[in-house]
Amino acid sequence: MSGFDYDLVVIGAGSGGVRAARIAARHGAKVAVAEEYRVGGTCVIRGCVPKKLFVYASKFAEEFEDAVGFGWTSSKVTFDWWTLVENKNREIDRLNKAYIRNLEGAGAELILERATVEHANTVRLASGRKLTARYILIATGATPFVPRHLPGHELAITSNEAFNLESLPSRIVIVGGGYIAVEFAGIFSGLGVETVLVYRGGQILRGFDDDLRSHLATEMKKKGIELRTQSGVSAIERSGDGVRVTLNDGTGFGAGQIMFATGRIPNVMDLGLDKAGVELTPHYAVKVDDYSQTSVPSIYAVGDVTNRVNLTPAAIREGHAFADTVFGGKDVKVDHSLIPTAVFSQPEIGTVGLTEHQAREQFRAVDIYKTSFRPMRHTLSGRDERMLMKLVVDGETDRVLGCHICGPDAGEMAQLLGISVRLGARKSDFDATMAVHPTAAEELVTLREKWTG
């Protein structure tokens, strides 16, 4: 270590930081990980995992209704919010302990204190203790954004607080149109909360395929979610036990809670990066190269704090690549293209590759294959819900450029489709693949007619 306390000090014990620490330790490095809250990061503690559990919970009301069409009858069912919260907390506790065991089992030292950067090779803990390291890894993630200029912003909650509300409100206003906003709109609506989603754009889920966006919006409205697009909040006031929300068109109405889901910002505040001379992007993310190295050679950064691809699997891959490169003697760059992803909206979205708009900007000829149909289960449930599947194909080479699905199990399908798209599968490969019948996924290999609409 040539005089350093550690080979590596990681600030932040989220998915990316923990993976980097574990792999570095396995490569023989002496590693310390500093974390001010709990091990597991946003995804495990207050993000992906609890959110997916809440999505499951919110779907049961429809499951009970749908069962009637299949011959089931049941007495009146009830829902208890705190049973869900307490069971979720137990699962998070279990995962937190598992992350700690895995980290320490790999030989890394866990320090449960806030840490800041003091120097290119020095980290200061909240207790005042200083740690020197050959390398420092910033893996502090991101934090929900709330517009501080908005009157009454302190009355709003974010996804962080939504998992532990004292009680469910009768009505909630969700501000935002990204995946967190639409996911929580589905959660609250499914749990019986009157839900209003306010978004300044013309359509939800900016950046996703336009057909997916419009299809999901239609299905959300069917479920009773009120979408107010091209709208914004101008003020929030306390009103009784809840709030009164005023929109920028002067419209005002009451709600039990207002939740901001307007994006997340890199968690670099008071981290001391300026002391070490670490360069940030114009949007205050840590600027890194293809190897996650910052402008200071001894300091690296992975995950949401770099604002590259803000997904847990990307952070994990970046952390692993960093450790393999710096401590494993390998040369590993992370490929951030063709990343499959899911939005656990209701119905959910699974997508990989280019949208139709992106494809038409990049390729001379683009063929579209798509279908919309009623999922088989709803032929007996009677529910008015449709599924969308879409393939974007290079008209010259027949290569599949993008796959987009909105409907049951779309995320599961996207994971496997991601392999096909990454391998450069052609539309003819899809056509030559035997269908699995009866499934929704078979539609992907039976699409024959180009969309001309």
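**Cis prolines.** I looked up Pro 438 and found it in the loop between helix H13 (427-432) and helix H14 (443-446). Helices here are DSSP runs of H or I with at least four residues, strands are runs of E with at least two, and both are numbered from the N terminus. The peptide bond from His 437 to Pro 438 is cis, with omega near -5 degrees. A cis peptide bond also joins Gln 346 and Pro 347, with omega of about 5 degrees. I located Pro 347 in the loop between strand S17 (341-343) and strand S18 (349-353).

**Basis.** I note that this is a predicted model, in which local features need pLDDT of at least 70, side-chain atom pairs count only at pLDDT 80 or more, and totals for chains, interfaces and linings use all residues. Residues are numbered from 1 along each chain as its sequence is written, and side-chain values use heavy atoms, with hydrogens and water left out.

**Whole chain.** I read 14 helices and 21 strands in the protein chain. The radius of gyration, taken over C-alpha atoms, is 24 Å, close to the 22 Å that the globule rule gives for 453 residues, so the chain is as compact as a globular protein of that length. That rule is 2.2 Å times the number of residues to the power 0.38. The C-alpha atoms fill a box of roughly 70 × 60 × 45 Å along the principal axes. Of the 453 residues, 51% count as buried; buried means under 20% relative accessible area, exposed over 50%, and partly exposed in between, with a 1.4 Å probe and protein chains only.

**Positive phi.** I checked Gln 230, which is not a glycine but has a positive phi of about 50 degrees. Gln 230 sits in the loop between S10 and S11 and is exposed, with a relative accessible area of 63%. Asp 398 has phi near 75 degrees, again positive in a residue other than glycine. I placed Asp 398 in the loop between strand S20 (387-394) and strand S21 (400-406); Asp 398 is partly exposed, at a relative accessible area of 25%.

I followed strand S11 (residues 233-239) into strand S12 (residues 242-247); they pair in the antiparallel sense over six bridges. Pairing requires that DSSP finds at least two bridges between two strands. The bridge partner of Glu 237 is Arg 244 in S12. Two residues lie between S11 and S12 in this hairpin, and Gly 240 in the turn has a positive phi of about 60 degrees.

**Parallel sheet.** I traced an open sheet of four strands with parallel pairing, in the order S10-S9-S8-S14. Strand S10 (226-229) and strand S14 (257-260) stand at the edges with a single partner strand each, so one side of each has no neighbour in the sheet. Strand S9 (residues 194-199) pairs with S10 over four bridges in the parallel sense, and Val 196 stands opposite Glu 226 in S10.

**Helix H4.** I compared the span of H4 (residues 81-105) with expectation: at 1.5 Å a residue its 25 residues should span 36 Å, and its end C-alpha atoms are 36 Å apart, which agrees. The expected span is 1.5 Å times one less than the number of residues. Among the buried residues of H4 I list Trp 81, Lys 88, Asn 96 and Leu 103. After H4 comes Gly 107, with a positive phi near 105 degrees.
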